[in-house]
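Here is a short briefing to read alongside the model. Keep the structure open as you go, and follow each topic in turn.

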Amino acid sequence: MDLHRIVDHVPALRRYARVLTGNAWAADDLVQDTLERACRKWLLWRSGSNLRAWLFTLMHHLYLNQRRSALPLQAVDIETLHDGLQAPPDGKDDTLDLERCLQRLPAEQRAVLLLVTLEDMAYADAARVLQIPVGTVMSRLSRARTRLRELMEPGQAPAQPPALRRLK
Amino acid sequence: MHDSTPHSIDENDLHALVDGQLPPHQAQAVRERLGPADAARVAHWAAQRETLRGLHAAMAEKPLPEPLRMAAGRLQALHDRQTRLWHLGGMAASVLLAFGLGWTLHGQWHARLPATPASVSSVQHFAQQAAVAHAVYQPEQRHPVEVGAAQQEHLVQWLSKRLGRPLTLPVLTQQGFELVGGRLLPGESGARAQFMYQNQAGQRITLYLGALNGAGAAGETAFRLHANGPVPAFYWMDQGFGYALSGPLERDALLTLATAVHQQL
């Protein structure tokens, strides 16, 4: 993959948006808006800086804006169910379940968890994309992992305090 | 965040272990000190991470919808133009050209730049090789260099011998960069050396050098910027030797470093 070819970054943006929004159409709209915005903002990009991080940063801004203007309550999305049903039969229920649980995480926790796992981003890069301190990345990551476990296995996950513990 | 004191680990270390963000020796150290509860937590998080990474994995292979492909093409045209402008000489020109961009761009969306112009001079080619060598070794965690900074004297002797000229190792401590080490690489006209430096933030820069043949190789050139490679590089020639300093830095920061290197050679 050539990191300077925009088109090589788009599949990753799409996939991240797909899992972040939980909706195939919303995801492609978000990516489309991101690319259009990048065209308008192009002069702000400095050659040699990280193109991928810049695109993800733009997308995150747009996502937050969309959420602010969207209805506070989101009904169960028919597209999500539809897409899930079209997935290969192997492990279909688990996948659907995982996506549904992800959507029940607070958006800012979901974003951190997905950048770090799905995108394999370094903590410092995720902090730059989300424009939060690295410490906040770590605390959100911790809460996201704990919460996702509770959601996936109700009653089974040990009640771990999400705060930092020092171990000897 | 990544605690390096040998006696304690904290939850951030567990996350970093699961996400592969610890250097190998630290990861090993954390693994050795995991209690049963933390080991179970790490195992669960690792499984969770793998499951998440499997979500919509097939999307990477699917063709892009046409509107997205078009938008990416438009952005690519802007990107290529900006990179060339940057190469030519900075913001003043790019701001001027931005006014003309709107209409000149029309119809060029599908034109894709060839990776390198057909007739690149050997010096430009040298800079390209330097940028590629940077991109190959910069992300390396375990073996970024062949000989580490601890054996600095040996490193200089070895590479001086292989390149057939006494080399000087520039010191960039004042600019915040410490030597990581160096390695020997093949080049078109013989051996090349690469020295790697790293700053506190973990950013790595590499100095790539070696003899150049061909017309004009004996002269001296000013700094030039190579901006089409994986990372930008400033390159210059001096007495038959080519030098290129590559790194993921802003133009000014890279130029400051290149100047510091040039003064010490």
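In this predicted model, the buried residues of α1(A) include a run from Leu13(A) to Thr21(A), namely Leu13(A), Arg14(A), Arg15(A), Tyr16(A), Ala17(A), Arg18(A), Val19(A), Leu20(A) and Thr21(A). Ile6(A), His9(A) and Val10(A) are buried as well.

**Helix α1 of chain A**
- Helix α1(A) covers residues 6–21 and reaches 22 Å from its first C-alpha to its last, close to the 22 Å expected at 1.5 Å a residue.

**A helix pair in chain A**
- Two packed helices are described by the angle between their axes and the distance between the axes.
- For α7(A), residues 123–130, and α8(A), residues 134–152, the angle is about 100 degrees and the axes are 8 Å apart.
- Angles of 65 to 115 degrees count as roughly perpendicular, and α7(A) and α8(A) are therefore roughly perpendicular to each other.
- On the α7(A) side, Tyr123(A), Ala124(A), Ala126(A) and Ala127(A) take part, and they meet Val134(A), Val137(A) and Met138(A) of α8(A).
- By class, this contact has seven nonpolar residues, with no polar and no charged ones.

**The sheet of chain B**
- Chain B has an open sheet of seven strands, in the order β2-β3-β4-β5-β8-β7-β6, with antiparallel pairing.
- Which strands stand at the edges? They are β2(B), residues 147–148, and β6(B), residues 224–226; each has a single partner strand, so one side of each is left without a neighbour in the sheet.
- The partner of β2(B) is β3(B), residues 177–187, joined to β2(B) by two bridges in an antiparallel run.
- Val147(B) stands opposite Gly182(B) of β3(B).
- Helix α7(B), residues 152–163, packs on the sheet and touches β2(B), β3(B), β4(B) and β5(B).
- The direction of α7(B) makes about 25 degrees with that of β3(B).

**Where the chains meet**
- Contacts between the chains involve 47 residues of chain B and 43 residues of chain A.
- On the chain B side, β1 (9–10), α1 (11–18), α3 (36–54), α4 (66–89) and α5 (91–104) each supply at least two residues.
- Which element gives the largest share of that side? It is α4(B), with 13 residues.
- By class, the side of chain B that touches chain A has 23 nonpolar, 14 polar and ten charged residues.

Notes
Residues are numbered from 1 along each chain as its sequence is written. Chains are lettered from A and ligands numbered from 1 in the order in which they are written. This is a predicted model: local features need pLDDT of at least 70, side-chain atom pairs count only at pLDDT 80 or more; totals for chains, interfaces and linings use all residues. Two residues are in contact if their C-beta atoms, placed from the backbone, lie within 7 Å. Helices (H or I, at least four residues) and strands (E, at least two) are DSSP runs, numbered from the N terminus. Ala, Val, Leu, Ile, Met, Phe, Trp, Tyr, Cys and Pro count as nonpolar, Asp, Glu, Lys and Arg as charged, and the others, Gly among them, as polar. The expected span of a helix is 1.5 Å times one less than its number of residues. A residue is buried if 20 or more other C-beta atoms lie within 10 Å of its own, exposed if 12 or fewer, and partly exposed in between; C-beta atoms are placed from the backbone. Two strands pair if DSSP finds at least two bridges between them. Axes are lines fitted to C-alpha atoms, for helices over the stretch in contact, and angles run from 0 to 180 degrees between N-to-C directions. Angles under 35 degrees count as roughly parallel, over 145 as roughly antiparallel, 65 to 115 as roughly perpendicular and the rest as oblique.
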